[in-house]
Amino acid sequence: MSFNHFKVDDFIENESFQSFALNRHQDDITFWAQWIKNHPEKKAEFDEALSVLRSFEFRNEPVESKVFANGLEKLEQSLNGDVAQPVTLPMRPTKNYLKIAAAIALLIGVTAASFVYVKYFYDKSNQIFVEKSTPRGTKLSVKLPDGSLIKLNGGSRLTYRQNDITKTRKLTLEGEAFFEVKRDTLRPFIVTSGNVTTTALGTSFNIRSYPSDPFTKIYLVTGKIKVDQSDGSLPKPFTLLPGDGISYDEVNKTLTVSKGNSEDAIAWKNGVIKFNNASITDVKNILERWYGVDIILNNMPSDDWRIDGTFENESLENVLRSLQYTSKMEYNFKKDILIITFN
Amino acid sequence: MSELGRRKVLDLYKQYFYDLFNYGMKISGDKEITADSIQDLFLDLYRKRNLDEVKIIKPYLFKCLRNIIIDSLKKNRPLVSMDEQADQINSLSSEDLIIRRELDHQTSRRLKQAFDNLSVRQKEIVYLRFYNGLSYAEIADVIGITNQSVRNHFSLALKHLRKHMITALTLSALWTV
């Protein structure tokens with residue numbers, strides 16, 4: 001079928017072209033990208049049609065996960081023939097621990113289709129930017145066009161230019177994610193997280209780079225990756241082998257390699273919280289991101305307060321109670337804010 | 001005829017909830033009605049239907065949800081005439097529109113006004129096409145009109161909006177000079 005006679009309106013009303021303009025289906029994207037290369041004389045009309053189609057989008061308010069969770073609970077009970085009862089997210093005192101753990105596990109296990117907050121916008125060079133982010137307390141699996149899989153932890157954000165992903169596989173990460181990169185020696189996979197750039201060909205690794213933490217931590221599971229400072233200022237980039245971990249100090253701008261511990265680095269993927277010599281600030285940050293709750297600390301313990309512990313698919317309630325065994329503290333919830341007071 | 005298992009219904013809920021909720025909100029403007037309608041949709045699915053004949057699930061779910069919401073709205077507004085179903089749906093507005101180009105305030109306002117001036121049907125079609133990527137055929141099925149009708153509405157809608165966008169394009173071209 002020939003599109004040579006197409007005017008702007010024809011492009012605009014063509015379903016396949018719309019799909020290309022709005023980045024819906026790879027087939028359409030590939031087709032039209034190639035077509036315009038073969039028909040440069042249609043560029044003016046082509047671009048105008050593109051511009052019109054991309055001029056606006058619809059605002060979707062993010063849906064509170066409570067609405068989803070309540071509905072799910074209600075549906076399950078109805079399907080069981082029970083009387084439906086609304087249930088609030090299990091962070092408050094309740095007797096049925098198994099039910100709490102199952103509900104949290106359900107939330108953690110829910111995949112991309114439900115919790116994606118995806119935004120598309122233009123950057124200065126008029127290219128399409130994709131941003132996928134997770135609110136605290138949720139995780140998200142993202143699959144890239146090349147088949148690479150990325151699992152985002154709570155409170156994280158992944159951004160990339162639509163073009164860069166198909167050509168060179170470049171992304172930016174803020175927060176924490178586990179990457180499983182499909183092998184492609186022609187297109188290096190490059191992640192920028194703060195001041196650190198990680199380059200991979202086909203491998204799996206974890207990057208932890210929350211803006212509020214002074215450290216960026218990277219842990220390699222399989223394959224090989226190269227780590228450098230984003231401004232390329234290191235005399236020589238570091239190469240990591242499986243089992244290696246690297247820690248970048250954002251303040252002093254230093255990189256330290258160490259034998260990493262996979263248990264600690266990637267436990268989050270499986271719903272496991274690990275406190276490893278964690279300070280109270282570490283604990284606060286981890287719990288805030290994991291459960292999506294704001295925490296206020298009163299009467300903080302001394303600087304040498306540290307804690308170790310592993311929690312698997314546990315409710316916040318249980319984690320707090322466990323902490324109480326080791327330290328004298330009280331906690332209560334005031335309007336969805338958790339207040340922890342040490343004695 | 002097989003009935004949908006409990007597991008399958010719950011899986012579908014988890015997979016499509018957010019798209020369904022957003023669509024429901026766009027057409028009803030009401031959180032409670034939307035949430036309740038989604039409940040009814042999935043219970044219905046479990047009790048009566050099977051999906052053997054449904055090839056693509058999402059538009060089918062959209063269609064069912066739409067019908068449930070319309071019935072629900074009808075109950076709340078019993079005095080409205082039963083003319084066009086579209087009359088019941090009145091929620092998409094320029095409030096939901098994000099203009100992605102850098103326009104001056106006036107042009108942006110006119111573009112949004114242009115959107116508000118679209119018929120309810122046109123708005124819904126533009127939303128389904130642009131936000132959910134439904135094909136013309138699928139949209140026709142969801143709303144219950146013909147494929148040609150969808151194309152006509154869509155074409156008219158875009159022409160209407162374009163009148164205001166052209167101005168915008170010219171303006172932004174001026175700026176970059």
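Trainee: What volume does the largest cavity have?

Mentor: This is a predicted model, and in it the largest cavity has a volume of about 50 Å³.

Trainee: And how many cavities of 30 Å³ or more are found in the whole structure?

Mentor: The search finds two of them.

Trainee: Which residues line the largest cavity?

Mentor: The lining consists of A:Ile280, A:Val283, A:Lys284, A:Leu297, A:Trp305, A:Leu323, A:Ser327, A:Met329, A:Ile340 and A:Phe342. By class, eight are nonpolar, one is polar and one is charged.

Trainee: Which helix or strand supplies the largest share of that lining?

Mentor: Helix H10 of chain A does, with three residues. Both H10 (280-291) and strand S20 (337-342) of chain A supply at least two lining residues each.

Trainee: Let us stay with chain A. How many helices and strands does it have?

Mentor: Chain A has eleven helices and 20 strands. It comprises 343 residues, of which 48% count as buried. Taking the contacts in chain A between residues at least 6 apart in sequence, 48% join residues at least 24 apart.

Trainee: Why does A:Ser247 count as buried?

Mentor: Its relative accessibility is 17%, and buried means under 20%, so A:Ser247 falls in that class.

Trainee: What does A:Ser247 touch?

Mentor: Leaving aside residues up to four places away in sequence, A:Ser247 touches A:Phe215, A:Thr216 and A:Lys217, as well as A:Thr254, A:Leu255 and A:Thr256.

Trainee: Now to chain B. Which residues of helix H4 are buried?

Mentor: In H4 of chain B, the buried residues are B:Thr107, B:Ser108, B:Leu111, B:Ala114 and B:Phe115. They cover an arc of only 120° around the axis, which means that they are on the same side of H4(B).

Trainee: What is the span of H4(B) from its first C-alpha to its last?

Mentor: This helix, residues 105-116, reaches 16 Å with its twelve residues, close to the 16 Å expected at 1.5 Å a residue.

Trainee: How about H2 of chain B: what do its buried residues pack against?

Mentor: They pack against helix H5 (65-79) of chain A, together with helices H1 (6-28) and H3 (57-76) of chain B. Among these buried residues of H2(B) are B:Ile33, B:Ile38, B:Phe42 and B:Asp44. H2(B) itself, residues 31-47, has 17 residues and reaches 24 Å between its first and last C-alpha, close to the 24 Å expected at 1.5 Å a residue.

Note on methods. Residues numbered from 1 in each chain as written. Chains lettered and ligands numbered in written order. Predicted model: local features only at pLDDT ≥ 70, side-chain atom pairs only at ≥ 80, totals over all residues. Heavy atoms only, no water. 1 Å grid on protein atoms, 1.4 Å probe; cavity = no way out; pocket = protein on both sides within 12 Å on 5 of 7 lines; lining within 4 Å. Points joined across faces, edges and corners; volume = space filled by probe spheres on them. Helix = DSSP H or I, 4+ residues; strand = E, 2+ residues; numbered from the N terminus. Nonpolar A, V, L, I, M, F, W, Y, C, P; charged D, E, K, R; others polar. Expected span 1.5 Å × (residues − 1). Buried < 20%, exposed > 50% of the residue type's maximum accessible area, 1.4 Å probe, protein only. Arc of directions from axis to C-beta. Contact = heavy atoms within 4.5 Å.
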